[in-house]
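Work through the exercises below with the sequence and the model at hand. Each task is followed by a solution in steps.

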Amino acid sequence: RTAVPAPGAACMLKVGPKKEVAECKEKFASSVDPTVSQAFMLDRVFNPEGKSLTPMRGFKYSSWSPLGCDANGRCLLAALTMDNRLTIHANLNRLQWVQLVDLTELYGERLFEASYKLCKADTPCGELGDFAEFQRRHSMQTPVRMEWSGICTTQQVKHNNECRDVGSVLLAVLFENGNIAVWQFQLPFLGKESITSCNTIESGISSPSVLSWWEYEHNNRKMSGLIVGSAYGPVKIIPVNLKAVKGYFTLRQPVVLWQEMDQLPVHSIKCIPLYHPYQKCSCSLVVAARGPYVFWCLLLISKAGLNVHNSHVTGLHSLPIVSMTADKQNGTVYTCSSDGKVRQLIPIFTDVALKFEHQLIKLSEVFGSVRTHGIAVSPCGAYLAVITTEGMANGLHPVNKNYQVQFVTLKTFEEAAAQLLESSVQNLFRQVDLTDLVRWKILKDKHIPQFLQEALDKKIESCGSTYFWRFKLFLLRILYQSMQKAPSEVTWKPSHEDAKILISDSPGMGSTEDDQEEGTSKQASKQSLGDTGKGVDIDEDSLHQSSDTGGREPMVEKLLEIQAQIEAVEMHLTREHMKRVLGEVYLHTWITENTSIPTRGVCDFLMSDDGYDDRTARVLIGHILKKMNKQTFPEHCSLCKEILPFTDRKQAVCSNGHIWLRCFLTYQSCQSLVYRRCLLHDSIARHPTPEDPEWIKRLLQGPCTFCDSPVF
């Protein structure tokens, strides 16, 4: 578990020169007009430091980007603090969050340079000493909400007039005055230098409360816009003109989804892409939480134009909805109120529009009496995360509030396994909530269900995709883990104890030197077995279960059998990746060119096993050896200049005994002190260097070949 710390210093919005701002603040605070002095003193946007008031330290909203936006191919986090600082963070190292950019500061500088006018045609702004102007400058840069778009493709013109496709993502920021700033970032996002543009749109919504992207695909044409909700009730879609974004279109004019000023504030908006079975076309379902009701709007494009159907779902909650989330895979919507009641809404299409079937999920039956503060559904719909505090006991509220994140499973093991087998994503890392359900079942039952084994073997025989081999490896590893003894300590907690302690210095320890050595060696061997996962540390429960069939011996044999299966699957995946690497070498090299990849070693390693007969590999190796023309281009040890033979896929050992770990993406030896590891610590990879050609850099961007995890 990791945490993003809130900034220690208060955020001061840039509304003018520092000296002039200080003078204006003093003037407003000491004004004889109470409508000015009291409005100024009580507004925390003007006074974030608080002085005698409690400090505004913490976060009020956060938003995750799509996968694939940071340097490691993971998500970025946009975070909005209580004092209106909007920042973007990335998890670049395994347990460390880094702030990449402060967008509040950048936007304030842009407004300052433009004299707080959105365009040149605007009327000149007033003096900062005027309280109304002072308020206007603050409201035009006070963020209310921010949301990420999906990843889109832009075209970049190179120096030689060639066009190349570059991935980009948009971040829309809704401000207090109704304006929306749309930031465009080039991927991977590295910081200030990755910002491509920033455009400001006037929404015309007064007292805006919530924001969401509207993304709709029709006949391979992608349309986008921004859905804005107001605290007074209206909801509308604002067109977003995406310049130079490939294949994207927008609306000609704003579309009002709900125009009544009925004083029901819009709390949350979700946009779900669906397929209409009767109209035989894709459609877009927009749902918004308004008080205790759910407002829904179905949008679909036909020959007549854009069709809009809307209505409200009533009778869901007796209290206002505090949180709403949606499973984008099947369109199911979940809402919750503070009394611990969660509603599941399932959309059912009719000839013209749709209707909702809803059922109640009583959290009190699972967690006891609780109050709910927020819900979120996992990416593949396997879990519902709920933030709870203690509810009323004997008609009394609790003295202290303890906030907890609880998880409720929404799918059975069989459903999760079936979804993994039929997945179009074919990436275990992107379906980690489904794999977690499968993992929990195997750890509990200590065996892989027969139906899953048979279905997976059929998939491997029929299509042979490496995804199913990786899934098989995952199942075998969990089965192996289930046979072992569970660790006594919680694995995610950081250890504050020293790795080594001198036993003689410990109070009350009077052991002999031999006992110390024996204890140290036992501890070291146990730790190394736990680290490598190869040690046969058998679970006592499993041992009791197997006592009828002969006790410990059959259990050890079973573990060795599973270990052999794991090594066989790992070897298959290694060979498949080696073929891919050799294919890249063949496509991107001239005759007798040293590619820095141990090509001859990889070829010899593939052909060394007599039992491995792959015609594709033999043909590819034949072409590569013909190109190499008897050249070997061996790797050399950087310490002693001896040749590093390719005898092991994991490490290279020279004749003088120097050991270097091998990069699992390119099979080069990592002869440096710094390298990368995959998220699950399966494999290591080297960092790309400036002299690496583009195709090697592309190989080094790949995920782990065993578990699909990103490498960093």
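**Exercises on a helix and on aromatic rings**

Just after helix 14, Asn629 has a positive phi of about 55°. The model is predicted, so local features need pLDDT of at least 70 and side-chain atom pairs count only at pLDDT 80 or more, while totals for chains, interfaces and linings use all residues. Residues are numbered from 1 along each chain as its sequence is written, and side-chain values use heavy atoms, with hydrogens and water left out.

**Exercise 1.** Compare the span of helix 14 with the expected span.

Step 1. Helices are DSSP runs of H or I with at least four residues, and strands are runs of E with at least two, numbered from the N terminus. Helix 14 covers residues 615-628, which is 14 residues.

Step 2. The expected span is 1.5 Å times one less than the number of residues. From first to last C-alpha, helix 14 reaches 20 Å, close to the 20 Å expected.

**Exercise 2.** Determine which residues of helix 14 are buried and which exposed residues lie on the face turned away from them.

Step 1. Apply the cut-offs: buried is under 20% relative accessible area, exposed is over 50%, and partly exposed is in between (1.4 Å probe, protein chains only). Ala617, Leu620, Ile621, Ile624 and Met628 are buried.

Step 2. These residues cover an arc of only 100° around the axis, which puts them on the same side of helix 14. The arc is taken over the directions from the helix axis to the C-beta atoms.

Step 3. The face turned away from the buried side carries the exposed residues Arg615 and Lys626.

**Exercise 3.** Classify two of the aromatic pairs in the structure.

Step 1. Rings of Phe, Tyr and Trp (its six-membered ring) pair if their centres lie within 6.5 Å; planes under 30 degrees apart are stacked, over 60 edge-to-face, and the rest tilted. The whole structure holds 23 such pairs.

Step 2. Phe112 and Tyr116 have ring centres 6.5 Å apart and planes at 75°, so this pair is edge-to-face. Phe112 is partly exposed at 35% relative accessible area, and Tyr116 is buried at 3%.

Step 3. For Trp148 and Phe185 the centres are 6.0 Å apart and the planes at 55°, so the pair is tilted. Trp148 lies in strand 5 (residues 143-148) and Phe185 in strand 8 (residues 179-186), so the pair ties together parts 37 residues apart in sequence.

Step 4. Trp148 is buried at 8% relative accessible area, and Phe185 is buried at 0%.
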